[in-house]
Amino acid sequence: MPMPELAPAPQAPHGAPLLQVDDLAVHFPITRGVFVQRQVAAIKAVDGVSFHVRRGETLGLVGESGCGKSTTGLAVLGLSPVTRGRIAFDGQPLADMDKADVHRFRRRAQMVYQDPYGSLNPRMRVADIVGEPLRIHGCTGGRDAYRKRVAELLELVGLLPQMAERYPHEFSGGQRQRIGIARAIALNPDLIVCDESVSALDVSIQAQVVNLFMDLQRELGLTYIFIAHDLAVVRHISNRIAVMYLGRIVEVADRDALYDDPQHPYTVALLSAIPVADPAVEATRARVKLTGEVPSALRPPSGCRFHPRCPHAMPVCQQEDPPLQPVAGSDRLVACHLRHLPTAGHA
Ligand code: SF4
């Protein structure tokens, strides 16, 4: 089914980062032992990730399932233990926050989950779901103000105020996701992590919800980290895109630069997998087929983690881990020896 028309793409904002992440690692220990548990290994879900998100910007975070993008999203919201690294929100490191700071941070940073069915309590009325953050944070302001705010939130996400008395099962998938979004914006947050927030929806509904996210960004000045495996959706909403592979970011670039001229072989492969609507163009397009499975994060490959699947792998790729660094003459960051070795050419 063709995707309905999407709203105009956003302009890239400038200015100080709202979120700064440096060398983030999230390792999940594997332990053994009956009486005394000892760590025997670790799943390196995220392993040295650095990026920033400017206020009002949308950073797309893409990659295959299991690459660590959702764990990264949870970590920046303080919802996952962090093994190493620094996360700073509005200049303040999360690790230095006291109880009051954490309470304020929870108001300012929210999440919209993937599953519009599983993330809403089926026994709660929509008014109670949307108003739950207001009650938790003591922001109800009295019965009338609370009702008015819930009605306002429903209208903001394109639902009718009279729907407040209904239960989640009375809504379609797209409407349920709108309820989840209303809940996420209830406390006027600055940052929203959208974790595969449109992935479970039909394509036609996906476009409507993407448009809603973009409208809300314009109206409320929101900043998004938009996590998805679907590059077509990320393209429209994002200002910049970071591509993740096996716990690492392998390429970061402005949206158009990344789609017009992908530099990392993994980005090239991901983009070549997106079908093109024009059958004539589609028939002549070169596809890059990745062989093999994504390796285990328990034992990532030596050197470049992508080398067992990379069509351009060189001997150095098995031994040296390419750092994420700027490509000469651009704002783009790429982790690939092809881009940084003096004698190497472009793929
Ligand atoms: Fe491929 Fe080597 Fe670049 Fe890794 S460093 S993406 S294996 S060419």
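Before we set off, keep in mind that the model is predicted, so local features need pLDDT of at least 70 and side-chain atom pairs count only at pLDDT 80 or more, while totals for chains, interfaces and linings use all residues. Residues are numbered from 1 along each chain as its sequence is written, and side-chain values use heavy atoms, with hydrogens and water left out.

Let's begin with an open sheet of 4 strands, in the order β2-β1-β4-β5 with antiparallel pairing. The edges belong to β2 (38-54) and β5, each of which has a single partner strand, so one side of each is left without a neighbour in the sheet.

β1 and β2 run antiparallel and are joined by 13 bridges; one place to look is valine 26, whose bridge partner in β2 is valine 46. Strand β1 (residues 17-32) also runs antiparallel to strand β4 (residues 84-89), with 5 bridges between them, and here aspartate 22 stands opposite arginine 86 in β4. Then 2 bridges link β4 to strand β5 (residues 92-93), again antiparallel, with alanine 88 opposite proline 93 in β5. β4 and β5 form a hairpin with 2 residues between them.

Have a look at the backbone angles too. Most residues other than glycine have a negative phi. Aspartate 90, in the loop between β4 and β5, has a positive phi, near 50 degrees. Aspartate 23 also has a positive phi near 50 degrees, but its place is in strand β1. Aspartate 23 counts as partly exposed, at 35% relative accessibility, and aspartate 90 counts as partly exposed at 37%. (Buried means under 20% relative accessible area, exposed over 50%, and partly exposed in between, using a 1.4 Å probe and protein chains only.)

Next comes an open sheet of 8 strands, ordered β6-β7-β8-β3-β9-β10-β12-β11, with mixed pairing. Its edge strands are β6 (109-112) and β11 (325-326), each pairing on one side only. Inside that order, strand β3 (residues 58-62) and strand β8 (residues 223-228) pair in the parallel sense over 5 bridges, and glycine 60 has phenylalanine 226 as its bridge partner in β8.

What about the cysteines? A disulfide is a covalent bond between the sulfur atoms of two cysteines. Searching the whole structure turns up 0 disulfides, where the cut-off is a pair of cysteine sulfur atoms within 2.5 Å. Cysteine 67 counts as buried, at 3% relative accessibility.

Finally, visit the ligand. There are 13 residues around it, and Cys304, Cys310, Cys317, Cys336 and His337 come nearest; a residue is near a molecule if one of its heavy atoms lies within 4 Å of it. Cysteine 336 counts as buried, at 9% relative accessibility. The shell around the ligand divides into 9 nonpolar, 4 polar and no charged residues, where Ala, Val, Leu, Ile, Met, Phe, Trp, Tyr, Cys and Pro count as nonpolar, Asp, Glu, Lys and Arg as charged, and the others, Gly among them, as polar.

Key
Pairing = 2+ DSSP bridges.
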